[in-house]
Protein chains: 2
Amino acid sequence: MAPTIIDVAKLAKTSKSTVSRYLNGKPVKKETEEALKKAIKELNYHPNMNARRLVLNRTQVIGIVVDDISNSFYSGILKGITEVSNKNGFDCVFYSWMSNHKGERDFINLLYEEQVDGLIFLNFSKREKEVVEEMKNTAFAVVLIGDDAGIQDVSSIDVDNFSGVGDVVRYLHRIGHRQLAYITGPESAGATQERTNGFEKTIRELGLAFNPELMVSSDWSNQGGYQAMKQLLEVGGFTAVVASNDQTALGAIGAAHEQGYSIPKDFSIVGFDDIEISKWIYPSLTTVRQPFVDIGIKAAEVLFEKIKGTKKQANSRILLKPNLVIRNSCLNL
Amino acid sequence: MAPTIIDVAKLAKTSKSTVSRYLNGKPVKKETEEALKKAIKELNYHPNMNARRLVLNRTQVIGIVVDDISNSFYSGILKGITEVSNKNGFDCVFYSWMSNHKGERDFINLLYEEQVDGLIFLNFSKREKEVVEEMKNTAFAVVLIGDDAGIQDVSSIDVDNFSGVGDVVRYLHRIGHRQLAYITGPESAGATQERTNGFEKTIRELGLAFNPELMVSSDWSNQGGYQAMKQLLEVGGFTAVVASNDQTALGAIGAAHEQGYSIPKDFSIVGFDDIEISKWIYPSLTTVRQPFVDIGIKAAEVLFEKIKGTKKQANSRILLKPNLVIRNSCLNL
DNA sequence: TTGTATGCGTTATCAC
DNA sequence: GTGATAACGCATACAA
């Protein structure tokens with residue numbers, strides 16, 4: 001059996017309350033401290049967290065629930081979250097519903113079951129209204145990153161997808177492009193609608209023609225971009241392609257190369273996300289950088305306000321601005 | 001306050017023992033079952049996991065400790081682990097020591113503290129002997145993925161790096177290459193030494209000349225590969241480059257392009273890992289695919305043998321074979 | 001500063 | 001089938 005504070009107390013010839021107090025940084029006499037140190041070391045004592053959490057009614061842990069733990073897009077966000085969390089003296093544990101059929105809803109139980117003190121839900125898919133509603137109604141500390149299903153009064157953080165695509169369209173316009181094609185993301189993604197809106201509205205604002213034939217859909221994969229570009233090349237009549245993410249842009253470049261076109265000479269192509277490889281492909285990709293770390297930081301900050309705050313927080317949606325990164329995949333006309 | 005089984009018992013006019021039994025699937029009378037169902041729903045009762053774990057002395061959870069939770073290389077491994085874990089009726093929780101200065105050693109405490117029933121350590125860096133020694137000596141269920149610091153009697157899983165590089169060198173030889181350059185990985189990586197050995201030994205086995213000048217080091221980044229290739233191009237005298245990972249290979253291709261060379265016409269280049277993008281760059285990259293999912297599955301299987309097994313398991317090192325993937329970055333001479 | 005006594009929410013061992 | 005009762009390991013109010 002694992003040693004308990006009772007064992008430590010016996011060995012150090014004191015009582016378990018004293019052991020407990022010592023372990024929690026309360027003052028003990030110099031000599032008992034020595035005895036306790038020795039006993040703890042000798043027994044290789046470690047506190048039982050379950051017992052501690054049971055009596056304290058808190059865990060000093062926050063949970064981060066993601067759909068796919070090793071989605072590299074989450075890297076910066078998770079870094080931001082852990083940073084803030086550690087600063088607050090909390091541990092982070094990560095839960096993934098990856099392969100199994102569980103959804104985010106099931107993880108709300110982590111709060112009821114007192115396994116964590118707060119939860120950040122991270123996921124780039126569209127969320128169901130009922131699930132978000134449930135998160136909103138719980139009394140626990142919960143923050144969403146990504147889609148909020150249009151529900152008010154829920155704390156959520158996201159990137160400003162609308163203005164991000166707007167920036168890139170205005171950039172292409174500024175360097176002389178007038179006929180733009182657009183490759184959308186999948187219906188299932190939370191950002192798709194906003195990015196598409198950003199494209200359409202900005203096109204119209206700039207007084208450019210909007211040709212529905214030059215708007216094709218993809219699933220945000222390399223393969224999807226490849227196929228979308230082939231489709232666009234059959235239609236023709238554009239000088240630049242706005243891909244709604246970098247992977248799609250890379251696939252599109254591949255398709256163009258395959259058909260003997262040169263980028264950016266024949267077509268300008270831009271992406272969205274600024275994934276690491278975008279800087280290293282040939283030509284390097286002009287794109288929109290998401291403020292991933294800041295998203296994580298902001299989400300964690302809001303969460304800790306809720307965990308620690310006595311006053312009831314206003315639950316609102318916070319949008320962070322992305323940045324245009326200009327590289328070599330666009331030609332100045 | 002959150003409702004407890006006592007509250008449920010009161011509302012259902014029975015005792016807490018009956019509630020507990022019902023919750024654990026033991027038989028109760030039809031009518032008490034109805035009353036309990038109703039009470040649980042009405043109170044929105046959820047069990048307190050800390051209390052349960054305290055008395056049961058187990059968690060039904062395994063932990064996966066990674067250095068960087070969103071390293072995309074881990075994706076397949078984590079998928080494999082969760083798959084096996086769910087099949088065994090266990091939950092997975094992930095811990096990351098990413099940005100903070102903690103090392104793997106600190107997470108051994110999760111076992112002592114009874115937060116998890118077993119632990120898989122995943123990390124591509126070299127491990128310190130003392131840390132592995134500590135893992136070996138603990139009585140808990142522990143499995144390592146990656147480096148084992150040369151320690152015997154520890155359960156560890158890894159890819160067969162030596163034979164992977166060997167395969168690729170033999171392939172280049174088969175299609176006519178006789179002068180090969182090599183870009184190593186960083187000292188800090190667990191696989192670097194084995195991959196380098198694989199290159200050197202195979203070169204010699206094939207009777208090819210080994211020129212130390214054609215062996216340059218990198219940090220496995222795109223940037224590192226870029227610089228390594230520039231260095232190699234100054235030396236010259238090779239027809240093919242073996243990069244010890246894909247990212248390096250991509251950087252090398254970038255450097256070659258920049259100096260006006262064409263791949264694979266002027267140089268053949270191969271990588272290692274088969275990351276997703278390798279299929280989509282231009283030219284697509286010939287590389288060595290790591291059996292990531294299988295690594296995860298194997299690691300979890302070994303872990304559960306330890307968790308459930310009564311008999312003492314033999315702790316050994318298991319190496320899984322990678323596969324050569326031939327694409328378009330190599331020229332048949 | 002220290003020890004005693006109590007409770008946290010659950011499971012398990014008994015008798016009934 | 002059911003209900004009282006004793007653990008599980010820890011923190012803390014209170015008395016000393």
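**Exercise 1.** Is Trp280(A) buried or exposed? Keep in mind that this is a predicted model.

*Solution.* Start with the cut-off: buried means under 20% relative accessible area. Trp280(A) comes out at 16% relative accessibility, so Trp280(A) counts as buried.

**Exercise 2.** Work out how the rings of Trp280(A) and Tyr226(B) are arranged.

*Solution.* Step one: the ring centres are 5.9 Å apart, and the planes make an angle of 55 degrees. Step two: planes under 30 degrees apart would be stacked and those over 60 edge-to-face, with the rest called tilted. This pair is therefore tilted. Step three: find the partners. The pair crosses between chains, with Trp280(A) in the loop between strands S9 and S10 of chain A and Tyr226(B) in helix H11 of chain B. Tyr226(B) is buried too, with a relative accessible area of 15%.

**Exercise 3.** Now classify the pair Phe90(B) and Phe304(B).

*Solution.* The centres are 5.1 Å apart and the planes sit at 70 degrees, so this pair is edge-to-face.

**Exercise 4.** Which protein atoms lie by the phosphate oxygens of DNA strand D?

- Tyr45(A): a side-chain N or O atom is 2.4 Å from a phosphate oxygen.
- Asn48(A): here a polar backbone atom is 3.1 Å from a phosphate oxygen.
- Asn24(A): a polar side-chain atom lies 3.3 Å from a phosphate oxygen.

Definitions and conventions. Residues numbered from 1 in each chain as written. Chains lettered and ligands numbered in written order. Predicted model: local features only at pLDDT ≥ 70, side-chain atom pairs only at ≥ 80, totals over all residues. Heavy atoms only, no water. Polar contact = N/O pair within 3.5 Å; in protein donor to acceptor, adjacent residues only side chain to side chain. Phe/Tyr/Trp six-rings, centres within 6.5 Å; stacked < 30°, edge-to-face > 60°. Helix = DSSP H or I, 4+ residues; strand = E, 2+ residues; numbered from the N terminus. Buried < 20%, exposed > 50% of the residue type's maximum accessible area, 1.4 Å probe, protein only.
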